[in-house]
Amino acid sequence: MKVIHTQRIANDKVALLMNGYSAFAETEEVIRLVNRRIHRNNLNIIVERTNVGCWFIPEQVNKAQ
């Protein structure tokens, strides 16, 4: 029987966000942990909730000015 490590899943999803990729979480526990890490790291993330989970999308920064 495999154990699902929600802390590790949340860390992996936040790592994706920090590298500019979107992430999807299905369970309320992982969504809560990801939100906590987003606020702790002061990340600019768009959060879109659906009836099956939650998308976390990094905001694009316009560097060409």
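A salt bridge is a side-chain nitrogen of Lys or Arg within 4 Å of a carboxyl oxygen of Asp or Glu. With that in hand, here are the views.

**View 1. A salt bridge joins Arg 49 and Glu 28.** The side chains of Arg 49 and Glu 28 meet here, with 3.3 Å from N to O. This pair ties together distant parts of the chain: Arg 49 sits in strand S2 (residues 45-49) and Glu 28 in helix H2, 21 residues apart. Helices (H or I, at least four residues) and strands (E, at least two) are DSSP runs, numbered from the N terminus. Arg 49 has 52% relative accessibility, so it counts as exposed. Glu 28 has 54%, so it counts as exposed too. For these labels, buried means under 20% relative accessible area, exposed means over 50%, and partly exposed is in between (1.4 Å probe, protein chains only).

A quick note on what you're looking at: this is a predicted model, where local features need pLDDT of at least 70 and side-chain atom pairs count only at pLDDT 80 or more, while totals for chains, interfaces and linings use all residues. Residues are numbered from 1 along each chain as its sequence is written, and side-chain values use heavy atoms, with hydrogens and water left out.

**View 2. The whole protein, for orientation.** You'll find two helices and three strands here. Walk along the sequence and the pattern reads α-β-α-β-β. Of the 65 residues in the protein, 26% are buried. Take the contacts with a separation of 6 or more: residues 24 or more positions apart account for 44% of them. Contact here means heavy atoms within 4.5 Å.

**View 3. Arg 32 and Glu 29 pair up within helix H2.** The structure holds two salt bridges, and one of them joins the side chains of Arg 32 and Glu 29, at 2.8 Å from N to O. Arg 32 and Glu 29 are three residues apart in helix H2, so about one helical turn separates them. Arg 32 counts as partly exposed because its relative accessibility is 37%. Glu 29 is also partly exposed, at 34% relative accessibility.

**View 4. Helix H1 crosses helix H2.** The axes of H1 (residues 6-18) and H2 (residues 28-40) come within 9 Å and cross at roughly 50°. Axes are lines fitted to C-alpha atoms, for helices over the stretch in contact, and angles run from 0 to 180 degrees between N-to-C directions. The two helices are therefore oblique to each other. As for the cut-offs, angles under 35 degrees count as roughly parallel, over 145 as roughly antiparallel, 65 to 115 as roughly perpendicular and the rest as oblique. H1 passes H2 in a right-handed crossing. That label applies if the near helix is turned clockwise from the far one by less than a right angle, and left-handed if anticlockwise.

**View 5. The residues where H1 meets H2.** On the H1 side you have Thr 6, Gln 7, Ile 9, Ala 10, Asn 11, Lys 13, Val 14 and Leu 17, and they meet Glu 29, Val 30, Leu 33, Val 34, Arg 37 and Ile 38 in H2. Sort the residues of this contact and you get eight nonpolar, three polar and three charged. Here Ala, Val, Leu, Ile, Met, Phe, Trp, Tyr, Cys and Pro count as nonpolar, Asp, Glu, Lys and Arg as charged, and the others, Gly among them, as polar.

**View 6. Ile 9, on helix H1.** Ile 9 lies in helix H1 and, at 28% relative accessibility, counts as partly exposed. Setting aside its neighbours within four places in sequence, Ile 9 is in contact with Ile 4 and Val 30.

View 7. Ile 38 is in helix H2 and is buried, with a relative accessible area of 6%. Not counting residues up to four places away in sequence, Ile 38 touches Leu 17, Leu 43, Ile 45 and Phe 56. Leaving out residues up to four places away in sequence, Ile 31 touches Ala 25, Glu 26, Arg 49, Gly 53, Cys 54 and Phe 56.

**View 8. Asn 42, in the loop between H2 and S2.** Asn 42 lies in this loop and has a positive phi of about 55°, although it is not a glycine. Asn 42 is exposed, with a relative accessible area of 66%.
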